[in-house]
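These are my notebook entries on a structure that I looked through step by step. I begin with a sheet and then turn to charged pairs, a second sheet and the chain as a whole.

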Amino acid sequence: MTFLVSGSIAYDNIMTFGGKFKEHILPDKMHVLNVSFLVDSMHKNFGGTGGNIAYNLRLLDQPVSLFGTVGKDFDSYREHCLSQGIDLSGVREFADLHTASCFITTDRDNNQITGFYPGAMTKSAATQIAMLSNLSEIDFAIIAPDDPKAMLEHAEQCRLARIPFVMDIGQQVIAFGGEDLLAAIAGATTLIGNDYEIETFQRKTGKTLKQLLAELDYLIVTKGGSGSVIHTAAASFDIPAAEPTQVVDPTGAGDAYRAGILTGLKLQLPLAQTGRIASLIACYAVEEYGTQNHHFSHHDFCTRYQQNFDQVCPILLN
C-alpha cells in the first residue's frame, strides 16, 4: 500500500519567545493591538502538513507519495524529500512563485502565534489526482490542511478514483461553512482534528458525534498532552499521551500523530494500539526543533513503546 499525502508543503520559520504572550497583551487594548516580541532563537525547517506527514510515514517505513504545489525555491526541500525516500511525482512546481512559508512564534507556555504566506499553495486546486503517474499504486490517502478549495477538490477526486481517504480538517475548519465541511467528509473513512477543530466542525454542521459516525468509520479527537480519543459507532478508545523526554517545540506533533494513525490503520492493528503508536511518534516531534528533524531506530521506538504503555510494540521497523 502506498499512501498519497495531499497537503501543504512549506518552509517553517520557528521562533521561541522566552516570556508569555499573555503578559504583553492587554485585553482592554485589543482594538489598538501593536506588539513586538524579541525572540531568543529562530530555525528554518522543512514543513507543511503534507511534508510533515510524509516524513513521519517514512520513519515508520511506509511508502508514501507527496501531492502538492511548490515554488522556485524548492531545491533544498526536494533533496531532503528524496533522501528520505518520499516520491515526488505528484509535486508540481511553479517557477513564478515561492514555496509557502510559515512563521511561528512559541512562548514559554507553548502558546503559538503564526503567520502564513501561501505562495504556490494557492495553485493546489489546479492539481489532479487522476493525472498521477503512479495512481495505480495508491491505496489510501490523507487530505491534510492545504488551500481550502484544493481540499474539497482532492476529496472529490479521491471519491471518483475510489481511493479511501482520511480528512484531516485541521486549522482550515474556520475557512469552511457547514455545507462544505460535510462535502469534505463525504466518502471519507475518517475525520481527524483537535478538540477545538472537531467542536467547531460540529457547531458549523449541526451534526452530533453519533450523526457523524453514521457516515464515518472513525472520528479522532486529539487533545495535546492530554492524549486523544478514537471514536467508532460502537465504542470509544481513550488513548494516553506518551511521555516526552523533553518538550522543545510542539510544532508538527499533530502531523506525526496522523502518520501513526495511518500506519496502524494500514496494518489493521487494534485501535488502542494504533492510537498509542501515534502518541509515541508525536513525542519524538516535540523533542526536537522543527517538524522533520527527529529520528529513531526500531529498538528505540519499541523500547519506548513498552516503557510508556507496558505492552510489546506491535510494529516492526527496518
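**Entry 1: a sheet of four strands**

I looked up the strand order and found that 4 strands form an open sheet, β3-β2-β6-β7, in which the pairing is mixed. Strands here are DSSP runs of E with at least two residues, helices are runs of H or I with at least four residues, and both are numbered from the N terminus; two strands pair if DSSP finds at least two bridges between them. The edges are taken by β3 (41–47) and β7 (112–117), each of which pairs on one side only. Neighbouring strands of this sheet are turned by 20 degrees against each other on average, direction ignored, where the axes are lines fitted to C-alpha atoms, for helices over the stretch in contact, and angles run from 0 to 180 degrees between N-to-C directions.

I noted that the model is a predicted one, in which local features need pLDDT of at least 70 and side-chain atom pairs count only at pLDDT 80 or more, while totals for chains, interfaces and linings use all residues. Residues are numbered from 1 along each chain as its sequence is written, and side-chain values use heavy atoms, with hydrogens and water left out.

**Entry 2: strand β6 and its partners**

Next I followed β6 (residues 100–106), which pairs with β7 in the antiparallel sense over 6 bridges; in this pairing C102 stands opposite F116 of β7. With β2 the pairing of β6 is parallel and runs over 7 bridges, and M15 has T105 in β6 as its bridge partner. The hairpin of β6 and β7 has 5 residues between the strands, and there N110 takes a positive phi near 65 degrees.

Why do I call β6 largely enclosed by the rest of the structure? I do so because 6 of its 7 residues are buried, where buried means under 20% relative accessible area, exposed means over 50%, and partly exposed lies in between (1.4 Å probe, protein chains only).

**Entry 3: charged pairs**

Side chains of opposite charge can pair when their charged atoms come close. How many salt bridges does a search of the whole structure find? The search finds 6, a salt bridge being a side-chain nitrogen of Lys or Arg within 4 Å of a carboxyl oxygen of Asp or Glu.

One of them joins D109 to K20, with the closest N and O atoms 3.9 Å apart. This pair links distant parts of the chain, since D109 lies in the loop between β6 and β7 and K20 in the loop between β2 (10–16) and β3, 89 residues apart. D109 counts as partly exposed because its relative accessibility is 34%, whereas K20, at 19%, counts as buried.

R159 and E156 also meet through their side chains, at 2.9 Å from N to O. Both lie in helix α3 (residues 148–160), 3 residues apart, which is about one turn of the helix. R159 has 25% relative accessibility and so counts as partly exposed, and E156, at 33%, is partly exposed too.

For R304 and E287 the closest N and O atoms of the salt bridge are 2.8 Å apart. R304 is in helix α9 (residues 298–309) and E287 in the loop between α8 (271–286) and α9, 17 residues apart. I found R304 buried at 9% relative accessibility and E287 buried at 8%. I also noted a network of salt bridges that links D75, R78 and E93.

**Entry 4: a sheet of nine strands**

Another open sheet has 9 strands in the order β5-β4-β1-β8-β9-β10-β11-β12-β13, with mixed pairing. Its edge strands, β5 (87–93) and β13 (236–239), have a single partner strand each, so one side of each is left without a neighbour in the sheet. Strand β12 (residues 228–231) runs antiparallel to β13 and is joined to it by 4 bridges, with V229 opposite D238 in β13.

**Entry 5: the chain as a whole**

Finally I counted elements, and the chain has 9 helices and 13 strands. Buried residues make up 53% of its 318 residues. The C-alpha trace spans about 50 × 50 × 45 Å along its principal axes.
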